[in-house]
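Thanks for coming. Please have the model open.

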Amino acid sequence: MGEKSASPYDMDGPSFDADRYLQKLLKECSLKQIMDTEAAIVRQTQTLHSDMQTLVYENYNKFISATDTIRKMKTDFKSMETEMNLLMANMQTITDHSERITDTLQETRSQLTRLSGKHQLLKKLQFLSSLPSKLKTLIEEENYQQAVQEYGHAQKVLLQYGQQPSFRGIQEDCIKILDELRARLKREFRETGKPAQTLTEIGELLLQLGERPSTLAKEMLECASKRLHEQIVVLQDQTDRDMIEFIDLGIDGFLKDLTLVISSYNDMFLTKHLEQEADNFEEIARLDLNEFVNRNVDEYLALVQDRAEIEIGHGDSQIILRGLDRLHRRMTAMKTLCRSVDMTRSGLDIIVNAAQQLCQTHMKCLKDHFNDSLSSVRLALVSSTTTSATAGSSSGVSSQTSGTSVPGTANSNINNATGSLRELISNLYISTIEKVKGLMQDLLIFLQPEWSFNLKGDPKGIQCIEGIRENLLVAFLRHFCSTVNGYGNVSSTAPPTLLLVLSKVCLEMERAGVHTLTSLVDELYQLDSERSVTLVHETELCHEMRDSAQLLLDSYVRLQGLNLSQMLRKSVETRDWLNCLEPRSVRAVMKRVVEETAAIDGVLGELYDSAGGTSGARTAASSDSSRKTHFSIAASKQSQQYRSTWSTYTPSQLDSSFVSNIQRLFSEKIEIFAPVEFSKVSIITGIIKLCLKTLLECVRLRTFSRYGLQQIQVDAHYLQMNLWRFVNDENLIHVLLDEILGSAVLRCLEPILMEPNAVEIICERN
């Protein structure tokens, strides 16, 4: 900037050189540019002249205005000086008059001061002389507060001048009146039915009248206890009100009086320094107050607890908790009055107890619902059984009339029964799951953020939340298992179909139900059961469900096997095997066993997966045996491993048990009562094993003639022709039937078997 300002070519700079500027223009610019520059300089010059002229005019106007202002100020100052001189003269005159008045009234002021003092003294004397009568009037009007205040105003004067004869009578009268007032206040203080506010006011008056604080403190707590007990009695009669109204009555009555007593007691005995009492008075008084508060609060909370237990399960949980929340808020606010007593803990304990009580109520509800569901299932099974029996008998009569069989009707009955079972299983499973879900969600009301209490922030609250899971969900699932296990006991009279339904429901619970419920509860209540040491794990519950399903299924096999075994046992025991005719047909009981087995197989086929992933009975025999194979042992040569060779022995040899023992020695052991698997083939195999084992034992106890043995041969071959399709291992049927026939041969007096062709003809005809 400095170099630019010092340039000789800058017209606005102080170093401008006109000649050099002109020479530069002539050298560098054309004629037109020089003329334009000249015109621009002329315009700028004219503009500057115009601006200078304007500035001169403005400055001239300002100068004229300043001259006028100065002239006006001179005139104003002259008038102001005159007024100030006049004011000074007036002030001097006022000062002179004031001094003359003060001198004149000096003596009168002293007289007025003396008269005013005498007047005040006369008023006090008049007050003292009328004090006894005024106290009596106030006491008669029961205006005790004003009477004590009036005596307090005159007490200092009476204490100071009470020895003078003129004041002694007044003092004695006042003391007598106050003694009567003190006695009256004590009587009213001890009377029952007085509200806490009145007791507090009477206590304050007694303290002002000089009552001993230690005695008054104890009497105050005793009288307050009576009053609070009356409040408890009143609350006990409020049975027609809901929980919110009940809590509001307690807050407005009991807790309000208790708060007033505590605050008044603190003000009268704990915050003041009472010189007439011992040094440990405050400590003793505080202990008495704490004991008083604990006793009465416990009594009140016990009443609330009893009322909550009555309401839980019968009233609206939302209303109950809203009332308990109001109580908790009030108890929390009272905590500042008596810090040594944990009011909040007491209120929270009631809420925890309410949660536990509601949990027990829901548990009972779940048990009742489950029992009702089981009763409905049993009723439905009975109705279904009755309907099926009626339909079966009708179809049997129809077939006998027409002389033809109606297999489609039987299959239809089985399908209907199976569909009904599936529906029962689904309904029982879904209703149980949904009921548990609903009740678990209902208990979430204790964790709503709108409440003043927080169960998750308190150790007892956390235990309560975990207790909801353990005492409701886990306890119900275990009750579920124990209940269904009761149906599986040997002494139970439950129908077999019910055991099958319950076993399937337990399997569904083990497969999905337990996981669904535990996951839901853990999510709703924010529990980590996987890592918790105290909470029951899901796998443990699943194992219990599976054990129950296994027990029920084993019981189902046992009962079904027992039913069929009873038919076989009676058929063997009631027949005269020594006087039998030559067999011409299969006995009806064998047909009945096959029909019952087929019916059971049809029901199981829809509920359980069959072996090999197929459903229904097999329709083709395996390679080592044929549906046509008979138990004419002498002719059986295709399957030497599982076929007996009774016909190769002589009659004398057949009488010996040596051959039977050799057979058992080399045959595979069959577990008759082994646990069954959750499949159709395993279940039906278990039932067949029980039936054939029963038949075997019954045969071993009878003695047979020739035709009796042949009848057993025909029956065994018929069973082999029809039972092989229900099992995976046909050799199991072969071994058991072979052993039955072998035992019959051993028990036969004339062991001659029927020709194989004749056996086949009889069995195929039936």
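Which residues form one aromatic cluster? Phe 370, Phe 476 and Phe 480 do.

Before the details, a word on the source. This is a predicted model, in which local features need pLDDT of at least 70 and side-chain atom pairs count only at pLDDT 80 or more, while totals for chains, interfaces and linings use all residues. Residues are numbered from 1 along each chain as its sequence is written, and side-chain values use heavy atoms, with hydrogens and water left out.

Back to the rings. Rings of Phe, Tyr and Trp (for Trp, the six-membered ring) pair if their centres lie within 6.5 Å; planes under 30 degrees apart are stacked, over 60 edge-to-face, and the rest tilted. Searching the whole structure gives six aromatic pairs. In one of them, Phe 16 and Tyr 21, the ring centres are 5.5 Å apart and the planes are at 55°, so this pair is tilted. Phe 16 is partly exposed at 30% relative accessible area, whereas Tyr 21 is buried at 19%. Here buried means under 20% relative accessible area, exposed over 50%, and partly exposed in between, with a 1.4 Å probe and protein chains only.

For Phe 370 and Phe 480, the centres are 4.6 Å apart and the planes at 35°, so that pair is tilted. The pair links distant parts of the chain, 110 residues apart: Phe 370 lies in helix α11 (residues 343-402) and Phe 480 in helix α13 (residues 459-487). Helices are DSSP runs of H or I with at least four residues, numbered from the N terminus. Phe 370 is buried at 1% relative accessibility, and Phe 480 is buried at 0%.

Two charges also sit over rings, meaning that NZ of Lys or CZ of Arg is within 6 Å of the ring centre and within 35 degrees of the ring normal. Lys 24 has its charged end over Tyr 9, 4.3 Å from the ring centre. Arg 307 does this over Phe 246, at 4.8 Å.

Next, helix α16, residues 588-607. Its 20 residues reach 29 Å from first C-alpha to last, close to the 28 Å expected at 1.5 Å a residue, the expected span being 1.5 Å times one less than the number of residues. Buried residues in α16 include Val 589, Met 590, Val 593 and Val 594.

Last, the cavity. Which residues line the largest cavity? Arg 587, Met 590, Leu 695, Ile 712, Asp 715, Ala 716, Leu 719, Leu 737 and Ile 740. Helix α20 gives the most, with four residues.

Note on methods
1 Å grid on protein atoms, 1.4 Å probe; cavity = no way out; pocket = protein on both sides within 12 Å on 5 of 7 lines; lining within 4 Å. Helix = DSSP H or I, 4+ residues; strand = E, 2+ residues; numbered from the N terminus.
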